[in-house]
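Work through the exercises below with the sequence and the structure side by side. Each task is followed by a solution that goes step by step.

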Amino acid sequence: MGDTGCAHFVAYVKEYGYDSFSVVHAYFSACISKEARRRKALSCLCHKCGSSGPQLYSCLHCIYFGCKGAHINEHYKQTKHFMALELCYGMLYCYQCRDFIYSSECQAIAERHLRLEARSLNKSLSWRPWRPSKLEIELLRKNPKRRHVTAFSSIGLRGLLNLGSTCFMNCIVQALIHTPLLRDYFLAELHECTSKTAVKCLVCEVSRLFQEFYSGAKGPLSLHRLLHLIWNHARHLAGYEQQDAHEFFIATLDVLHRHCKISMTELAASVAAAAAAEKFQQQQPQNQHSNANFHLPQGSLQQQLLQQSTPNAQQLPSVAGTAVPTAPNSGASSNTTQADPNPAQCNCIIDQIFTGGLQSDVVCQACNGVSTTIDPFWDISLDLGESSNSQGYGGPPKSLIDCLERFTRAEHLGSSAKIKCNTCKSYQESTKQLSMRTLPIVASFHLKRFEHSSLIDKKISTFISFPSELDMTPFMSQKKSDQQPDRKASTQQQQQQQQQHSDNVGANGSSSSAATGAPSASSNQCDEDRGNGLPPQYSRDTADFRYSLYAVINHVGTLDAGHYTAYVRHQKDIWVKCDDNVITTATLKQVLDSEGYLLFYHKKILEYE
């Protein structure tokens with residue numbers, strides 16, 4: 001095949017045109033409609049052996065299907081029909097060249113058919129390699145010298161000007177800029193916003209910052225526009241006094257989350273309008289003599305996007321500074337057997353990356369009944385002070401692992417915090433244990449170094465060691481429940497007693513309803529996996545909960561006068577220290593020896609449903 005393409009295919013097109021390729025590809029390769037799928041199922045069989053595959057070829061000169069190899073080769077030798085279409089991937093094959101060939105016109109027809117197939121089946125398009133548009137080709141030709149990212153490249157590193165005690169904001173921005181999935185999302189320009197709200201949209205401003213960071217420029221940036229937008233939407237942070245970096249982080253995620261939902265709602269409205277217009281066009285008289293059925297389902301893809309973007313179906317509760325839910329009271333306590341870690345299931349980029357599910361199990365000490373609640377969280381706040389209780393644990397933690405073990409340890413609530421048990425129908429003492437039901441892609445930990453009390457406000461400067469690689473498996477809900485077989489056995493025994501009691505009561509329906517809504521510990525493994533958001537074929541035994549450190553925010557100084565700095569991982573094994581507009585290289589030892597206030601870990605292996 002020469003530089004101008006296959007000469008045999010050029011001759012074929014002059015004689016037959018593109019109609020044969022278009023019809024065969026539409027009906028027997030892409031299957032753009034229900035009628036096409038029916039015809040393929042009935043007639044797309046090898047004329048020699050009658051099989052349907054695994055890889056069939058169709059002759060583009062006549063109506064003939066043959067298996068790869070001897071059967072289609074025999075047809076070529078007998079008829080000298082040299083042009084064929086491989087039906088599995090839709091590729092052209094020339095028997096004169098003895099190779100697959102490429103045609104830009106056929107590729108355009110095939111891509112159009114694949115889009116119609118996806119709409120007909122109400123599915124997303126399969127992965128396609130990137131092909132530059134005419135504008136992108138022109139830009140590439142005008143800029144032959146392009147920057148290449150090397151181990152010593154500074155692309156993605158920019159200092160940030162301190163606008164007057166705004167070091168807390170600079171550190172959070174540096175951490176977000178170096179969040180891998182967030183970077184990929186914004187650099188791909190996936191955020192869509194209307195012109196009316198773009199000026200006030202924080203997501204658009206963050207998208208602009210990503211473009212600035214990765215433009216290749218080296219001068220420091222000013223975040224005055226970002227600061228102004230934060231002030232408008234989070235009034236408690238307005239002012240030039242020093243703010244808490246953790247509070248700013250949560251407020252920023254909250255505003256980004258709300259603005260993403262607004263953009264999705266507006267996009268859904270425009271899609272709904274387009275779907276209505278398409279439905280109107282489809283109701284017009286159609287050409288009854290068309291050889292191929294190119295009708296589309298009435299707004300199926302648009303309706304699905306509209307349902308996914310409806311505000312009422314995507315409400316995520318605003319998460320406060322701490323992710324620990326309060327103990328359920330008598331009115332709010334509920335027994336759930338299959339709770340969803342994120343009932344609203346918001347699909348914005350913020351919740352896809354940062355939202356996890358925190359499970360709280362409250363066990364009644366009288367009947368061993370378990371009440372399970374699952375709340376979404378954006379970060380985990382960990383206490384650093386001394387802990388003393390009746391179980392004999394005490395002393396301050398020395399590492400992040402110690403903090404997590406204390407966070408997920410069963411706690412006796414005591415007689416002063418009795419709850420009303422739905423099984424006992426009375427106030428009883430109980431124990432409460434927290435665990436991770438689902439983990440986000442980015443796990444952020446807040447070490448509570450600022451202690452506020454009625455007597456004194458102080459900063460806890462105790463060194464807390466944290467690893468560069470973190471395994472969260474011991475803190476998952478399934479792992480915790482496996483460590484308590486006695487509680488499960490007693491729970492099942494309690495269920496049997498409740499069933500016997502309901503049978504004895506007879507006419508009284510309240511006892512029966514209490515038994516059916518009792519402990520969640522009796523749920524089977526498959527139900528637990530579905531509640532955890534894992535695919536049916538992907539169980540907790542095969543899930544990977546390993547994380548890698550990629551950003552650390554530190555606070556130096558006192559509670560009244562201090563300064564924030566950040567360590568971020570620029571590339572693999574390359575760390576830098578961000579001190580406002582000063583960017584310097586750092587080692588992993590310097591990062592791990594730092595005090596640590598906010599820790600950001602990224603999941604090493606991502607699971608896709």
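A nonpolar core is a set of buried Ala, Val, Leu, Ile, Met, Phe, Trp, Tyr and Cys residues joined through side-chain atoms within 4.5 Å, where buried means under 20% relative accessible area and exposed over 50%, with partly exposed in between (1.4 Å probe, protein chains only). The model is a predicted one, in which local features need pLDDT of at least 70 and side-chain atom pairs count only at pLDDT 80 or more, while totals for chains, interfaces and linings use all residues. Residues are numbered from 1 along each chain as its sequence is written, and side-chain values use heavy atoms, with hydrogens and water left out.

**Exercise 1. Describe the largest nonpolar core and find which residues have the most contacts inside it.**

Step 1. The largest nonpolar core has 62 residues, and Phe354, Tyr564 and Phe600 are those with the most contacts inside it.

Step 2. Helix H11 (residues 245-282) supplies the largest share of this core, 10 residues; helices here are DSSP runs (H or I, at least four residues) and strands likewise (E, at least two), numbered from the N terminus.

Step 3. Leaving aside residues up to four places away in sequence, Tyr564 touches a set of residues that includes Cys167, Phe168, Phe450, Ile553 and Tyr597, contact meaning heavy atoms within 4.5 Å.

**Exercise 2. Decide which residues of helix H1 (residues 7-16) are buried, and how they are arranged about the axis of H1.**

Step 1. The buried residues of H1 are Phe9, Tyr12 and Val13.

Step 2. Seen down the helix axis, these buried residues fall within an arc of 100° (taken from the directions from the axis to the C-beta atoms), so they line one face of H1.

Step 3. On the other side of H1, Ala7, Lys14 and Glu15 are exposed.

Step 4. The cover over the buried residues of H1 includes helix H2 (19-28), strand S3 (83-86) and helix H5 (104-120).

**Exercise 3. Determine how helix H7 (residues 167-177) and helix H9 (residues 202-213) pack, and which residues make the contact.**

Step 1. The axes, lines fitted to C-alpha atoms over the stretch in contact, are 11 Å apart and meet at an angle of about 75°, on a scale from 0 to 180 degrees between N-to-C directions.

Step 2. Angles of 65 to 115 degrees count as roughly perpendicular (under 35 is roughly parallel, over 145 roughly antiparallel, and the rest oblique), and H7 and H9 are therefore roughly perpendicular to each other.

Step 3. Val173, Gln174, Leu176 and Ile177 of H7 make the contact with Leu209, Phe210 and Phe213 of H9.
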